[in-house]
Amino acid sequence: MYKKIMVPVDLAHLEALEKPLTVAADMAKHYHAALCYVGVTTSQPSSVARTPEEYEQKLKAFAHEHAPDNGQEPSARVYNSHDPVTDLDDILLKAIEEVEADLVVMGTHLPHHIDAIMPANGSKVAAHSNVSVFLVRP
Amino acid sequence: MDNKPDNSPDTHEESVGVPAPEGAANLIDTDYKIGQDNYQAAPLGVNIDIHGAVFAFSSLVILAFVILSLALPDQSTAWFEGAKNWINNNMTWFILLAANIFVVLCLVLIVTPLGKVRIGGANAKPDFSYLGWFSMLFAAGMGIGLMFYGVSEPMSHYGTAMGGISVGEDGARTDWAPLGGAEGDQSAAMSLGMAATIFHWGLHPWAIYAIVALSLAIFAYNKGLPLTVRSIFYPLLGERIWGWPGHIIDILAVFATLFGLATSLGIGAQQASAGLTYLFDIPGGTTTLVLLIAAITAVAVVSIVAGVDKGVKRLSEINMVLAFLLLMFVIFVGPTLLIATGFFKNLGSYFAELPFLSNPFGREDANFSQGWTTFYWAWWISWSPFVGMFIARVSRGRSVREFLTAVLLVPSTISVLWMTAFGTTAIQQVQNGFEGASNADLPVKLFEVLSQLPLTEITSFIAIFLVIVFFVTSSDSGSLVIDTITAGGKVDAPKPQRVFWGVIEGAIAIALLIGGGLAALQSAAVAAGLPFTLVLLVGCYAIVKGLMSEPRAK
């Protein structure tokens, strides 16, 4: 049913990603779909990587470590952003098109009051994308 | 962690897991992980990610400061005035000398082979187009100031120079004329006045910004340290920058930024309110100012939430276009020929007077060199962590030579053109007998001059609009910068923090205006600028040290 599953990954907050990563891997096994891990980083040094190149290297290693052995080669894609806090949704929407994903599996937080002003990324991506989006709550 | 100061940042090309940034560059080998000292939590559903010590100290002291200046307006104004006067009387030589060092270093770097080093590694690609990049650095760097002083400063210097020298009973000069003045000589007074103005808006301020920006950019992009002011001190303090010496440097940067920013916001609000009074008869006064600052801060917060690309970059580009139109309008409607020839003449007198105007020792014109130059230098310096850091953030992928040309030479040239256009127009009106602008208050002068040109309503409206949008971009980029510093160099800290700083900036501007008007703001900026001069001098050392260990681009 699904050929390519996109999984947005924040390497700085892996502890919060356990559930969505497991869901994505299970679905990839079930549908024999390829997994594409998408990361967003900055030009500035961050807690994960001191250069954009280091980030890409880490995400590639991460992809090979976390993808299930279902005969499909996992891929990793890094987007560079001037201001990831505000641009994340747009970048993810662009990534869905570019990696040609037909399903997105991503973690999101529980809805709460501040969402009215600053919506959670997951719900915004789901609202604006044509493909199916599986929001995994903690 | 290794606590020994490491004076030669030993560079391990092959440090584990870290590839060289896009081609060769020399990352500093450190065990520090960006954000390791940060406090992360989500109280009431609001995510925060802050550097505990820097955030707590800066916000507590600032809070105390705002409460103090609201509770004891007279005393707090007196304290700031006292600090400013002490600096003016005793530290003028130091600040003037330091600024000269910055200019010389920048010019030297442009022509030496060190200028070939590329920010972000030899093969790094620029993050922004020339236009977007340039608009942002110009809007952040001067914006409001050009609107405020473009007319008033040339007029002031022209007037005082015409007045000549007067000596008080104690033998000290009581006049405010630059250098020796030019009593009664219209054309000499004009060229001295323009040279003095350009001196304050030309190479020196942009060199101050360039030093901070370049040192930050090199240590973030080429050395892999967090984008925060303490990183500049790595060559001097080594691993100690992660401890209290580093915290203090960052806290100092937050203070300097907030007070410098509040000064500009105060000036911007005064000018916008003066313009509104002038155009629409909206009554001026504290209430209008407070409402104006509150409203503009609200717009700034919206822009902050929209982010760099959709907020500050777009606004900067709009401003660039409008400012350009206003400049062209003044050039063509004003005394076009005088402005065209004046541009080269003023440039000439600027360079001719530069050695005397920038001389730190044995100055006779104490009022001018202390009251004007030292104030400006301290103001630019207090603003430099903010402008510098913002410039650094958007400048990855440029070579040092390209960077310095764009941050030093191009803006200086534009400042010369701007000051020439507005100053010449204003001074010519004075020479033709129009007294309106010379009698008006500082913030109103621009509108008085525009009233003598056609299409007054439209141009005045554009001027007010420009002031307000410059205000928004300053507040917006300032919040980004302070947020990054107080988040230990993280540029992706949660949004509510930026909003917090945006609101705080507005609050400080309001507090200072209620407390003591513009004088209090300016004194605070000068007082905050002095300690930061030392930071900049270290920046000079760090730039040379850092660039020496970088491979040159082809």
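**View 1. Helices α6(B) and α11(B) cross with their axes within 8 Å.** Helix α6 (residues 186-201) of chain B and helix α11 (residues 336-357) of chain B cross at roughly 70°. Helices here are DSSP runs (H or I, at least four residues), numbered from the N terminus. Axes are lines fitted to C-alpha atoms over the stretch in contact, and angles run from 0 to 180 degrees between N-to-C directions. So α6(B) and α11(B) are roughly perpendicular to each other (that word covers 65 to 115 degrees; under 35 is roughly parallel, over 145 roughly antiparallel, and the rest oblique). Among the residues that meet are L192(B) and F199(B) in α6(B), and Y350(B) and L354(B) in α11(B); contact needs C-beta atoms, placed from the backbone, within 7 Å. The contact has nine nonpolar, three polar and two charged residues.

This is a predicted model, so local features need pLDDT of at least 70 and side-chain atom pairs pLDDT 80 or more, while totals for chains, interfaces and linings use all residues. Residues are numbered from 1 along each chain as its sequence is written, with chains lettered from A and ligands numbered from 1 in the order written.

**View 2. In chain B, α3 meets α13.** Helix α3 (residues 92-111) and helix α13 (residues 400-431) of chain B cross at roughly 135°, their axes coming within 8 Å. That makes α3(B) and α13(B) oblique to each other. On the α3(B) side you'll find C106(B), L109(B) and I110(B); on the α13(B) side, V400(B), R401(B), L404(B), T405(B) and L408(B). Sort them by class and you get six nonpolar, one polar and one charged.

**View 3. Over in chain A, α3 packs with α4.** Helix α3 (residues 84-98) and helix α4 (residues 121-128) of chain A have axes 9 Å apart, at an angle of about 40°. Oblique is therefore the word for α3(A) and α4(A) too. Making the contact are L88(A), D89(A), L92(A) and L93(A) of α3(A) with N121(A), K124(A), V125(A) and H128(A) of α4(A).

**View 4. Here's F102(B) in the largest nonpolar core.** A nonpolar core is a set of buried Ala, Val, Leu, Ile, Met, Phe, Trp, Tyr and Cys residues joined through C-beta atoms within 7 Å; buried means 20 or more other C-beta atoms within 10 Å. Of the 185 residues in this core, F102(B), A210(B), I211(B) and V407(B) touch the most other members. Its largest share, 23 residues, comes from helix α17 (residues 495-548) of chain B. Beyond its neighbours within four places in sequence, F102(B) contacts A207(B), I208(B), I211(B), L536(B) and C540(B).

Technical notes. Helix = DSSP H or I, 4+ residues; strand = E, 2+ residues; numbered from the N terminus. Contact = placed C-beta atoms within 7 Å. Nonpolar A, V, L, I, M, F, W, Y, C, P; charged D, E, K, R; others polar. Buried ≥ 20, exposed ≤ 12 C-beta atoms within 10 Å, placed from the backbone.
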